Amino acid sequence: MSPTAVDLQALRFRWRGAASDCLAIDAFALAPRERVFLQGPSGSGKSTLLALIGGVLTPSTGQVQVAGQALSTLSSAARDRFRADHIGFIFQLFNLLPYLSARDNIMLPCRFSAARRQRLQQAGQTAADEVLRLAEHLDLSPALLGRPASELSVGQQQRVAAARALIGRPGLIVADEPTSALDADRQSAFLDLLLGECAASDAALLFVSHDPRLAQRFDRVLNLADINRAAPSGSGGME
Ligand SMILES: Nc1ncnc2c1ncn2[C@@H]1O[C@H](COP(=O)(O)OP(=O)(O)O)[C@@H](O)[C@H]1O
Ligand SMILES: [Mg+2]
């Protein structure tokens with residue numbers, strides 16, 4: 001049986017210099033292959049939570065486990081490796097390297113992660129084959145793969161970012177408002193592709209969005225306020 005994709009226990013996090021906690025979550029778990037839609041107003045701590053799950057931030061107290069691994073027991077270098085091996089991030093602004101081709105952007109995690117390379121090898125695939133397969137599934141034409149990321153449309157960049165997250169089958173895909181730059185039809189089409197690929201690679205998905213129209217396609221909808229006991233800092237409104 002695969003371990004819980006994400007398990008949070010008695011988590012508290014306060015930004016340095018802040019007067020109160022940003023997050024206080026007694027318990028939260030994401031099952032293997034579960035697809036969760038996480039919503040909450042701007043400034044409510046969604047991106048902070050994703051950074052804690054990715055081990056980019058460390059909690060003030062409490063525990064974050066990903067794929068059965070407690071992140072607090074890892075050195076910061078080991079946490080970086082663990083993240084590259086087990087988590088695919090899709091950021092709001094995609095964070096592609098603009099001068100690299102779409103293909104090289106998608107392959108990038110395989111350079112940093114031996115585990116991703118190994119999983120491909122075990123499936124009898126090369127990284128180059130897998131780029132082509134993902135590109136086809138994500139509606140990116142082969143001709144596009146040679147172009148620098150900076151020359152792609154927003155929708156194409158987003159699908160390149162999704163392929164980069166998915167390559168080498170990490171068990172967890174985390175997406176931080178990846179559709180906010182798209183119109184409603186394109187958001188929905190992108191979500192179809194992403195949900196399909198997560199299912200095909202047995203990945204759990206934690207998807208942050210403020211667009212409630214997308215929520216019904218998920219196994220579970222979670223309002224951050226329902227699990228976060230920390231008082232909201234109040235600065236942000238609804239987007
Ligand atoms: N780097 C940072 N340093 C200090 N405070 C931050 C930082 N990033 C975010 N915050 C604060 O943490 C709170 C939650 O922010 P964030 O996680 O970005 O919310 P969301 O993603 O839900 O919009 C906000 O009050 C924000 O001001
Ligand atoms: Mg955010």
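**Notebook: loops, sheet, helices and cores**

I began with Asn95, which I located in the loop between strand 6 (87-90) and helix 3; helices (H or I, at least four residues) and strands (E, at least two) are DSSP runs, numbered from the N terminus. The model is predicted, with local features needing pLDDT of at least 70, side-chain atom pairs counting only at pLDDT 80 or more, and totals for chains, interfaces and linings using all residues. Residues are numbered from 1 along each chain as its sequence is written, chains are lettered from A and ligands numbered from 1 in the order in which they are written, and side-chain values use heavy atoms, without hydrogens and water.

**Positive phi**

I noted that most residues other than glycine have a negative phi. Asn95, not a glycine, has a positive phi of about 50 degrees. Its relative accessibility is 44%, so I recorded Asn95 as partly exposed (buried is under 20% relative accessible area, exposed over 50%, partly exposed in between, with a 1.4 Å probe and protein chains only). I then looked up Ala67, in the loop between strand 4 and strand 5. Its phi is also positive, near 50 degrees, and at 33% relative accessibility Ala67 counts as partly exposed.

I followed four strands in an open sheet, in the order 2-1-4-5, with antiparallel pairing; two strands pair if DSSP finds at least two bridges between them. Strand 2 (23-30) and strand 5 (69-70) are at the edges with a single partner strand each, so one side of each lacks a neighbour in the sheet. Strand 4 (residues 61-66) pairs with strand 5 over two bridges, and I found Val66 opposite Gln69.

**Helix 3 and helix 4**

The axes of helix 3 (residues 102-112) and helix 4 (residues 114-122) come within 5 Å and cross at roughly 105 degrees; axes are lines fitted to C-alpha atoms, for helices over the stretch in contact, and angles run from 0 to 180 degrees between N-to-C directions.

**Nonpolar cores**

The largest nonpolar core has 38 residues, and Ile90, Ile173, Leu194, Leu205 and Phe207 have the most contacts inside it; such a core is a set of buried Ala, Val, Leu, Ile, Met, Phe, Trp, Tyr and Cys residues joined through side-chain atoms within 4.5 Å. Helix 6 gives the most to this core, with six residues. I recorded another core apart from it, of 34 residues, among them Ile25, Leu57, Val174 and Leu224.
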